[in-house]
Amino acid sequence: MRTIMRMAGIAAVSVAAGAMLWYGAGPAQQTRPAVEGLRRPFLRGDAAAGQEVFRFETFGNEGFWTDAVRLPQGIMDEQISPLGLLELGMHIDIEHIDKKLRKKLEHQFQTDLSKQQAPLLHDSDVTIALIEANAVVGFAAKDIDGDGRVDLRNGDKMGISCAICHTVADGSVYQMPGNRGAVGKRLDGLGTWSIDVGGIIAAGLNSRAYYPNLQLELGGMTIGRAPKGIRRESSEAEVDAYLRNKDYYPRGTFDETNDGVGNSVQNTPLFRQDLADPFGSAGEFERLQDISSASFSQNLDPTALVTAPGRQFLTLRAGPLGEELAANYEAILKETGVTGYPFVHVTEHGLPPGHATSPTGRRVDAKKLADMNAYLADLPIPAGAKVDPAAAARGKQVFLAENCTDCHNVDPLEPLPYMLVDLRALWPGYLPKELLVRKPPLVPIADSPGTYDDKLVIVDASDRSSLRGIPPVFLVDLARKPFFLHDASVPTLDSLFDPGRGEQEPHPFYVEDAEERADLITFLKSLGGPGVQPPGT
């Protein structure tokens with residue numbers, strides 16, 4: 001066996017006071033990184049209450065999705081059917097549907113799915129009924145007028161919960177082929193790699209309202225997968241074309257940063273989150289409750305960015321580019337008739353903007369965040385795929401021999417290494433060009449050709465005095481994954497470890513021997529825990 005490039009004992013470690021890069025060969029059979037930082041205490045609330053928060057809590061973002069993006073109106077306007085929801089990669093919770101409709105749907109999913117045999121599956125009115133029943137995973141319908149029923153056509157609203165990107169249905173009723181949605185029982189915590197987030201946002205009648213999380217043109221520049229960025233004057237059709245182009249906004253990813261960079265990253269699993277810090281694909285959050293609060297107070301309602309603290313946050317992070325983003329966004333909201341923002345309800349405000357605990361100076365309800373922490377900590381790691389045990393045993397030896405344990409655990413039930421791997425160690429082809437110097441501890445805004453660093457161009461862990469790097473991830477549920485690396489740029493595990501990908505590519509840690517590479521892949525697919533068997537594995 002010969003590897004093209006090895007980790008050679010390199011481990012990068014993030015610590016509270018700063019960061020360091022550690023070099024040197026580790027023990028011959030080490031089973032996890034030899035040097036790690038000090039993790040923060042994990043806050044727990046009530047797990048039973050946390051399930052409700054995870055599945056259905058919006059903290060008021062239904063105002064943004066209904067009154068700003070106008071998503072439910074767009075679903076009605078496009079007449080999106082239940083099959084259309086599945087084509088968008090959404091999942092349907094069969095247990096949240098009333099018995100009469102459930103029986104009919106279960107029967108029709110067993111047919112050839114034609115309009116003649118399955119008329120309800122082609123009926124957009126059924127889609128609205130499913131949303132109103134809170135049976136569409138991640139769409140949270142709210143009884144705004146308090147009359148005891150949800151009616152989206154008459155004043156009630158629909159928001160988005162955490163579950164949209166971190167829950168799948170088990171497919172026990174139906175699984176649409178081709179990495180699409182499923183119908184069945186909820187499996188919370190699994191990454192939703194089927195979902196077409198861009199297509200869902202594009203279904204809204206005013207997708208321009210999501211401006212800060214699109215690939216923009218700011219200061220005459222644009223960064224992302226698309227050749228040109230969205231401008232302040234870009235039309236609804238132009239925004240929708242960007243969102244629906246899967247080369248620009250891949251299925252199974254979400255643009256989670258209000259930075260104007262087109263940098264959607266793969267949806268992460270959310271099981272055993274007590275083992276998973278630091279959080280965020282750039283390790284920018286030390287505590288789960290902080291990334292959760294920011295997700296609701298910014299990403300699922302970005303209108304907070306045009307408040308005074310929101311503008312201060314953008315200026316701290318991106319200087320004149322942040323000021324331009326805020327001015328453009330405010331103009332777009334005015335042009336499209338969006339008022340009454342920000343929509344998300346917070347229990348804390350007036351906090352210091354720019355800090356990881358309160359980026360826009362606001363936080364949502366602390367008790368609900370603690371409850372959701374507990375629920376996500378209690379979700380067990382899913383079972384590994386059923387594989388040939390002899391091949392998996394051989395693959396484990398490849399994993400150990402190639403020093404994969406410099407960054408990854410052998411045992412998936414152990415805490416993830418509390419560390420960040422320096423971007424330069426992960427990507428030999430990283431050639432950043434400095435674009436803007438920022439006030440320390442923030443490192444300069446810098447961009448390299450390629451997309452692997454796009455998530456970290458503006459948002460990284462330097463605001464907490466750590467380095468620009470990537471945290472290790474859970475090596476579980478890999479048999480189900482349709483892509484690899486945080487930017488979803490590699491389609492298969494075989495491609496990931498194949499030296500034909502190139503020595504200058506991200507994560508260039510290859511196994512040249514095809515048989516040993518296959519054994520390594522078998523071992524990785526076998527890794528898991530005591531939880532559910534993921535669909536199709």
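Helices (H or I, at least four residues) and strands (E, at least two) are DSSP runs, numbered from the N terminus. This is a predicted model, in which local features need pLDDT of at least 70 and side-chain atom pairs count only at pLDDT 80 or more, while totals for chains, interfaces and linings use all residues. Residues are numbered from 1 along each chain as its sequence is written, and side-chain values use heavy atoms, with hydrogens and water left out.

**Exercise 1. Describe the two stretches that UniProt lists for "domain: Cytochrome c".**

Step 1. The unreviewed UniProt entry lists residues 150-380 and 390-528 under this name. UniProt positions are given in the numbering used here, feature names are shortened, and annotations may be inferred rather than shown by experiment.

Step 2. Residues 150-380 are 31% helix and 10% strand. The C-alpha atoms at the ends of this stretch are 33 Å apart.

Step 3. Residues 390-528 are 24% helix and 8% strand, and here the end C-alpha atoms lie 17 Å apart.

Step 4. For the whole chain, the secondary structure comes to 16 helices and 17 strands.

**Exercise 2. State how the radius of gyration of the chain compares with that of a compact globule.**

Step 1. The radius of gyration is taken over C-alpha atoms, and the globule rule is 2.2 Å times the number of residues to the power 0.38.

Step 2. For 537 residues the rule gives a value near 24 Å; the chain has 23 Å, so the two agree.

Step 3. Along the principal axes, the C-alpha atoms fill a box of roughly 65 × 55 × 45 Å.

Step 4. Buried residues (under 20% relative accessible area; exposed is over 50%, partly exposed in between; 1.4 Å probe, protein chains only) make up 60% of the 537.

Step 5. Contact means heavy atoms within 4.5 Å. Of the contacts between residues at least 6 apart in sequence, 70% join residues at least 24 apart.

**Exercise 3. Phenylalanine 59 has a positive phi, and so does leucine 485. Decide whether each is buried or exposed.**

Step 1. Phi of phenylalanine 59 is near 55°, in a residue other than glycine. The loop between α1 (47-56) and α2 (62-68) holds phenylalanine 59. Because its relative accessible area is 5%, phenylalanine 59 is buried.

Step 2. For leucine 485, phi is near 75°. Leucine 485 is in the loop between β17 (469-470) and α15 (493-497). With a relative accessible area of 13%, leucine 485 therefore counts as buried.

**Exercise 4. Work out the surroundings of leucine 413 and glycine 528.**

Step 1. Leucine 413 is in the loop between α13 (389-401) and β14 (421-422). Its relative accessibility is 43%, so leucine 413 counts as partly exposed.

Step 2. Beyond its neighbours within four places in sequence, leucine 413 is in contact with Leu275, Ile381, Gly528, Gly529 and Pro530.

Step 3. Glycine 528 lies in the segment after α16 (514-526), and at 22% relative accessibility glycine 528 is partly exposed.

Step 4. With neighbours within four places set aside, the contacts of glycine 528 include Leu413, Pro412, Ile381 and Val476. Gly384 is one of its contacts too; the C-alpha atoms of glycine 528 and glycine 384 are separated by 4.0 Å, although the residues are 144 apart along the chain.

Step 5. Leucine 413 and glutamate 348 are 65 residues apart in sequence, and their C-alpha atoms are 35 Å apart.

**Exercise 5. Which residues are in contact with glycine 191, its neighbours within four places in sequence left aside?**

Step 1. Glycine 191 is located in the loop between β9 (186-188) and α8 (197-202). A relative accessible area of 0% makes glycine 191 buried.

Step 2. Its contacts are Cys165, Val168, Asn267, Thr268, Pro269 and Arg480.

Step 3. Proline 269 is 78 residues from glycine 191 in sequence and 4.3 Å away in space, C-alpha to C-alpha.
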